[in-house]
Amino acid sequence: MISVAKVKLQAISTPTYSIYSSIFPLRRGRGLTGLKNLGNTCYMNSILQCLSHTPQLTEYCITDKYKNYISRSNKTNGQVIEEVAALIKELWNGQYKCVASRDLRYVVGQYQKIFRGVDQQDSHEFLTILMDWLHSDLQTLNVKQKRETITASEKAWMEFTKAKESLILHLFYGQMKSTVKCVTCNRESATYECFSNLSLELPENKELCYLNQCMDMYFSGERIHGWNCPNCKTKREAIKKLDISKLPPVLVVHLKRFHADPIQSGAYTKKQNYLRFPLENLEMTPYIARAESRTVTPKIYQLYAVSNHYGTMEGGHYTAFCKSANYKRWYKFDDQIVSTLDTSSVVSSAAYILFYTWLPHTQVSSH
Ligand SMILES: [Zn+2]
């Protein structure tokens, strides 16, 4: 039986909450803390909010579990994960309306000059480098080779990790198989590459496009000329095709909106396509490599965060739309301002990086 008091509380709190939150930024709430703009740092803030809404990563940071796995012998000396964890703790303690990421910014600026200044940077570039650093900072999990015979995909994975893995690798890294096939003799040659995000082209001259169209384009294969066929022992026409040999639990999809301007050197043009992408049930099965289909379990992905870009490369602005696992709804993170967001507004022409997961979007517990 539901108590009267509880019913009353629900009846009062729901409308009050929605009225006020649409007028005022939220003052408090776990994971609902804004990030101050330290001079064009919105690209960083946008990515950090998306990462902080990955419950498995946040739980790992706020429980201090990460401390047992820090590597001190790598290029960043374990400093990046320490600063990211410290910031995630601040974002999730529910005490602040907004905080500044000064220490993290100082540390990333030490290791990469472009993140030091006050110029606007590409959030995709920041994310890719940050992932590499975070993985390297936590790359202390020893992995034993399970069987005598391993597949080419497993061998390439071992070569990439050097038998040392991390939570970051387990969550965000997948593997791509690239096959080149000689059109004359049909000889195939495959190589494997690990990725922390997929970079998809947008179709030319299209105002409206769909994510599956971009995926189809990316995985459709292309004809290449002058491939040195090891069987024909001469240059041949070939078909190069990409397939996924390992799907990560968190799939990050980057939309290539920026292109070097062919006329003006050093300048970028932006593709403003309105991309429709699913909030639920993104199906990745068609893109799994056939040989690996036994080992790769098809998964259905759900969207939980978006890094948005508005304006031009030089004079643009970034925000993040994130689904809170604790409050079961979407929020907009615009630097220091956090506000509620209607689910129908998540898909917009500003979408730049999409964060999908097949892991349960579990509530982050308090500590
Ligand atoms: Zn050949």
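Is phenylalanine 219 buried or exposed? Phenylalanine 219 is buried, at 4% relative accessible area. Buried means under 20%, exposed over 50%, and partly exposed in between (1.4 Å probe, protein chains only).

## The model

This is a predicted model, where local features need pLDDT of at least 70, side-chain atom pairs count only at pLDDT 80 or more, and totals for chains, interfaces and linings use all residues. Residues are numbered from 1 along each chain as its sequence is written, and side-chain values use heavy atoms, leaving out hydrogens and water.

## Aromatic pairs

A pair of aromatic rings is described by the distance of the centres and the angle of the planes. Rings of Phe, Tyr and Trp (its six-membered ring) pair if their centres lie within 6.5 Å; planes under 30 degrees apart are stacked, over 60 edge-to-face, the rest tilted.

The structure holds 12 aromatic pairs. One of them is stacked: phenylalanine 219 with tyrosine 287, 4.8 Å centre to centre and 25 degrees between the planes. This pair links distant parts of the chain, 68 residues apart. Phenylalanine 219 is in helix H9 (residues 211-219), and tyrosine 287 is in the loop between strand S15 (282-283) and strand S16 (300-310). Helices (H or I, at least four residues) and strands (E, at least two) are DSSP runs, numbered from the N terminus. Tyrosine 287 is buried too, at 8%.

Tyrosine 327 and tyrosine 331 pair edge-to-face, at 6.4 Å and 75 degrees. Tyrosine 327 is partly exposed at 34%. Tyrosine 331 is buried at 0%. Elsewhere, Tyr43, Phe115 and Phe126 form one aromatic cluster.

## Charges over rings

A charge sits over a ring if NZ of Lys or CZ of Arg is within 6 Å of the ring centre and within 35 degrees of the ring normal. Lysine 246 lies over the face of tryptophan 157, at 4.6 Å from the ring centre.

## The zinc site

Which protein donors hold the zinc ion? They are Cys182, Cys185, Cys229 and Cys232, each through SG, at 2.3 to 2.4 Å. Donors are N, O and S atoms within 2.8 Å of the metal (3.2 Å for Na, K and Ca); water is not among the atoms, so sites may look incomplete. The spacing along the chain is C-x2-C-x43-C-x2-C.

Cysteine 185 lies in the loop between strand S5 (174-182) and strand S6 (188-195). Cysteine 232 lies in the loop between strand S9 (222-229) and strand S10 (234-246), so the pair ties together parts 47 residues apart in sequence. Both are partly exposed: cysteine 185 at 26%, cysteine 232 at 23%.
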